[in-house]
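Colleague: Could you take a close look at the salt bridges in this model, and tell me how they relate to the place where the chains meet?

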There are 2 protein chains.
Amino acid sequence: VASSGRTTIAVDMLGGDSAPEAVVDAVGLLRGEAGLRLVLVGPADRLPGLLAGRGIDPEGLELLHAPVSVPMDGHPLDAVRRDAQRDEPELTVTAAARAVRDGRADAWVSVGHTGAAVAAAVLSAGRIPGIARPALAVVLPALKRPVVLLDAGASMEASSQVLAQFAVAGWCYARALGIDEPRVGLLSIGSEPGKGDDLRREAEQVLAEKLRAHRIEFAGPVEGDDVVAGLRAQVVVTDGFTGNVLLKGIEGAVAWAVERIARAYGDPDPARRVMREVATGEFAGGMLLGVNATTVVGHGAGSPAQIAACIRLAARAVQHGLIEQVRARFAVTGAST
Amino acid sequence: VASSGRTTIAVDMLGGDSAPEAVVDAVGLLRGEAGLRLVLVGPADRLPGLLAGRGIDPEGLELLHAPVSVPMDGHPLDAVRRDAQRDEPELTVTAAARAVRDGRADAWVSVGHTGAAVAAAVLSAGRIPGIARPALAVVLPALKRPVVLLDAGASMEASSQVLAQFAVAGWCYARALGIDEPRVGLLSIGSEPGKGDDLRREAEQVLAEKLRAHRIEFAGPVEGDDVVAGLRAQVVVTDGFTGNVLLKGIEGAVAWAVERIARAYGDPDPARRVMREVATGEFAGGMLLGVNATTVVGHGAGSPAQIAACIRLAARAVQHGLIEQVRARFAVTGAST
């Protein structure tokens, strides 16, 4: 959108546990990467000093003023809603999302409060028609092939229709990531049909029908361990509550295994190397699907390398035309909400 | 109940992927364990030959005839319901659960179909008054202290009242396992109050109130990774759908980590040793809470050592008077359903 032949990413400089320093360091890691242009969204009076303090050449970096980070205590979502009413936003998330809406950037990235980033994206860029709720899609480094899991926590309650919308959007994302012919599975508690709670039993029918209409292969119900195997499905769909619980559980279990196993070998380095490798690939960030702006939300505790990986992921989605593909899919089927 | 100074466990000899051989081998592993008496529930015409074939001395083993295993295809639950009507049950699960009801055994163990075992326990032994639905409680080898997670898949839908009942029953189980002063957490998607879906927001209030009445410490909402850390809570409560998805996800993630990390070290043995250790401890089986019979349900793919661990777990629960403690807790509070 914004620049000729280059992908422009607006970066929330005040999001995350170690902001702004960790984000500034991520910017440093990305200096000189061809085809990538960054818009740093933060307090204009502090950013030049922060860059200079880390020895980062400001040449070619655009600065966009927004003085305030999302308040982590109190009511972050209320703060975003209030900010969305302002002509001149104060919050970095609002300013970054608007930069995409207004064509100043192709995508935006935040490693701050997830709910606040989702709200900023919805309020500033709007939803894609035909997708009733946004979904956060994460990529897991499954044993066989990577797996896209969504929703990882953007929307708490989902109907079977919403799950079917997530399925189509998640399939588009998997394709944009280069996953060939992804099959879509519905997260449940058994691989036989008819298992699970009421929502899952209904969703099984709705997904089968909708995905057939889209000529997307439906793998049927899959289980929690299929998400880290990647054999039965490469896109796994669930509500944001279950998806978030599962994602955190997987992260915690891997951390558990690394600590316990490293102890058994008496040398933690190889185990930690595997984890570092995983954390700085395409697995670093969540892609927010269903909103009219390419939005990547990363781990608040992310290292500069992980934040840089989020920014690269956003650029990759732009280059693959992810938003356009999702919009086209939902335009074809019309008002399928 | 059944014997003086010894704990008697009825064992479903036809449950599990490698039944009856794996279960027979588990019986072999337990021969000579002081204080443990086994009732083998299976086809009377085949059991003696199976024991002889594995070189197991039948002395002191009681055989209880039931010729048929739960059909895995078709409708296993319907088969259990039909069998529950019979004077002479045909299914091993029904016969084993009745052995406990009738005082012939103190507890029973199956590594067959989970839903069928739950149905057999409910239909043969009945529910404990005050607990509206049964819950499967599993123990996870968390980094800090073991964590009891329930429900891992016995009941698909749960109200906030049911979650509060699970909380009290799970606390009794944690105490029976020797976990000192366990704190109870509600599985959610953030540790701040008021997060999660509608059920969780309501349950937060109900749990706070009920647990206060029981003088049980409530840790508030906890996340998926807290389940494998064990720092914030040692009992984690959720509905059976979410609990089963999380448990499978954790198992899958640990398997993923073992394979990836073992590859990084170039020697899989220490990693596999950790896994074996974990799988044959108290982590091998799920304890069914809320029914009037001590019931342990194990992994269908379990090794003989894991099945033996399930039988030891059942004996341990009997020796700690788990059922009596749960009954007493719910008798005190009266009809809290």
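Modeller: In chain A, the side chains of A:Arg232 and A:Asp226 form a salt bridge, with N and O 3.4 Å apart (the rule asks for a side-chain nitrogen of Lys or Arg within 4 Å of a carboxyl oxygen of Asp or Glu). This is a predicted model, in which local features need pLDDT of at least 70 and side-chain atom pairs pLDDT 80 or more, while totals for chains, interfaces and linings use all residues. Residues are numbered from 1 along each chain as its sequence is written, chains are lettered from A and ligands numbered from 1 in the order written, and side-chain values use heavy atoms, without hydrogens and water.

In chain B, B:Glu259 bridges to B:Arg263, the closest N and O atoms being 3.6 Å apart. B:Glu259 and B:Arg263 sit four residues apart, about one turn, in helix α9 (residues 240-265) of chain B (helices are DSSP runs of H or I, at least four residues, numbered from the N terminus). B:Glu259 is partly exposed because its relative accessibility is 42%; B:Arg263 is exposed because its value is 54%.

A:Arg37, A:Glu62 and A:Arg104 are joined in a salt-bridge network. Over all chains the structure holds 28 salt bridges.

Two salt bridges cross the interface of chain A and chain B. In one of them, the side chain of B:Lys248 meets that of A:Glu223 at 2.3 Å, N to O. On the side of chain A that touches chain B, α7 (198-213), α8 (240-265) and α9 (269-279) each supply at least two residues. Of the elements there, α8(A) gives the most, with 21 residues.

The contact (heavy atoms within 4.5 Å) takes 46 residues from chain A and 46 residues from chain B. About 4,000 Å² is buried between chain A and chain B, 72% of it from carbon and sulfur atoms (buried area is the accessible area, with a 1.4 Å probe, that two parts lose on being put together, summed over both). A:Phe241, A:Trp256 and A:Tyr265 supply 20% of the area that chain A buries against chain B, more than any other three residues.

Notes
Buried means under 20% relative accessible area, exposed over 50%, partly exposed in between (1.4 Å probe, protein chains only).
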